[in-house]
Amino acid sequence: MTPANNVFQWLPCPVVFICTAHENQRDIMTATAMFVSETEPLITVSVATGHLTDQLISASGRFYAAIAAGDQKKLAFQLGSGSGAKEDKYTRFSINTLPAETGDNLIPEGVSAWMKCTVKQSEAIKGYRVVTGRVVQSGDLDRPPLIWHRDALWQLLPAK
Ligand SMILES: Cc1cc2nc3c(=O)[nH]c(=O)nc-3n(C[C@H](O)[C@H](O)[C@H](O)COP(=O)(O)O)c2cc1C
């Protein structure tokens, strides 16, 4: 696939931080997400199998999808380029989190919005686990989101 016909770069996707914890381990990674259904609030994420995030989602049956804000580009790259199995990324990048009662001390401050999800369905496909989560709790912090498009990160502007 060349840059001219790489359809996967054409579809704009919201950037999320997938926040997970199980027993004494926690992790956070950058991913993209898409909604599946509004009637029953379902979203889907695709996580490479074997990532610590994948292991913690499978073990706990839940995750947070925190929508990155437009000014969190640096954090998105930091959390998208190293494994939490080697080093706790919250400590490494000095991430302050929303109060425990909001997100179990897992949701970074400054995000656009967050969704707490329980795993509704999980399917391994070609090296990825496609996880559909049911949103059981959510909060909107009213900041414009960060978008992945054409191999780069973007902020939103109102359409004219
Ligand atoms: C903008 C962006 C989007 C990404 N989207 C995904 C994704 O949807 N699925 C995935 O498995 N990895 C994605 N990654 C890569 C992971 O964030 C990266 O492999 C991460 O280090 C995995 O963390 P972990 O090993 O601690 O779970 C993305 C990275 C960036 C920068």
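## Paired strands

Strand β4 (residues 62-67) and strand β5 (residues 113-125) run antiparallel and are joined by six bridges. Strands here are DSSP runs of E with at least two residues, helices are DSSP runs of H or I with at least four residues, and both are numbered from the N terminus. Two strands count as paired if DSSP finds at least two bridges between them. Opposite F63 stands C117 in β5. This is a predicted model, in which local features need pLDDT of at least 70 and side-chain atom pairs count only at pLDDT 80 or more, while totals for chains, interfaces and linings use all residues. Residues are numbered from 1 along each chain as its sequence is written, and side-chain values use heavy atoms, with hydrogens and water left out.

## Two hairpins

β5 also pairs with strand β6 (residues 128-140), in the antiparallel sense, over twelve bridges. V119 has G133 in β6 as its bridge partner. Two residues lie between β5 and β6, which form a hairpin. In the turn, K126 has a positive phi of about 50°.

Strands β7 (residues 146-149) and β8 (residues 152-155) are antiparallel and joined by four bridges. L146 stands opposite Q155 in β8. This pair also forms a hairpin with two residues between the strands, and R150 in the turn has a positive phi of about 50°.

## The shell around the ligand

The ligand sits in the largest pocket. A pocket is found on a 1 Å grid over the protein atoms alone: it is an open set of points where a 1.4 Å probe fits, with protein on both sides within 12 Å along at least five of seven lines. A molecule sits in a pocket if more than half of its atoms lie within 2 Å of the pocket's grid points.

There are 22 residues around the ligand, and D27, T30, S46, T53 and G84 come nearest; a residue is near if one of its heavy atoms lies within 4 Å. β2 (25-37), β3 (42-48), α1 (52-60) and α2 (73-78) each supply at least two residues of this shell. β2 gives the largest share, five residues. By type, the shell holds ten nonpolar, ten polar and two charged residues. Asp, Glu, Lys and Arg count as charged; Ala, Val, Leu, Ile, Met, Phe, Trp, Tyr, Cys and Pro as nonpolar; and the others, Gly among them, as polar.

## Distances and cover

A nitrogen atom of the ligand is 2.7 Å from a polar backbone atom of S46. An oxygen atom of the ligand is 2.7 Å from a polar backbone atom of G84. The protein covers 85% of the 650 Å² of accessible area (Shrake-Rupley method, 1.4 Å probe) that the ligand has on its own.

Key: A polar contact is a pair of N or O atoms within 3.5 Å; within protein, one must be able to donate a hydrogen and the other to accept it, and residues adjacent in sequence count only if both atoms are side-chain atoms. On a 1 Å grid over the protein atoms alone, a cavity is a set of points where a 1.4 Å probe fits but cannot get out, and a pocket is an open set with protein on both sides within 12 Å along at least five of seven lines; lining residues have an atom within 4 Å of a point.
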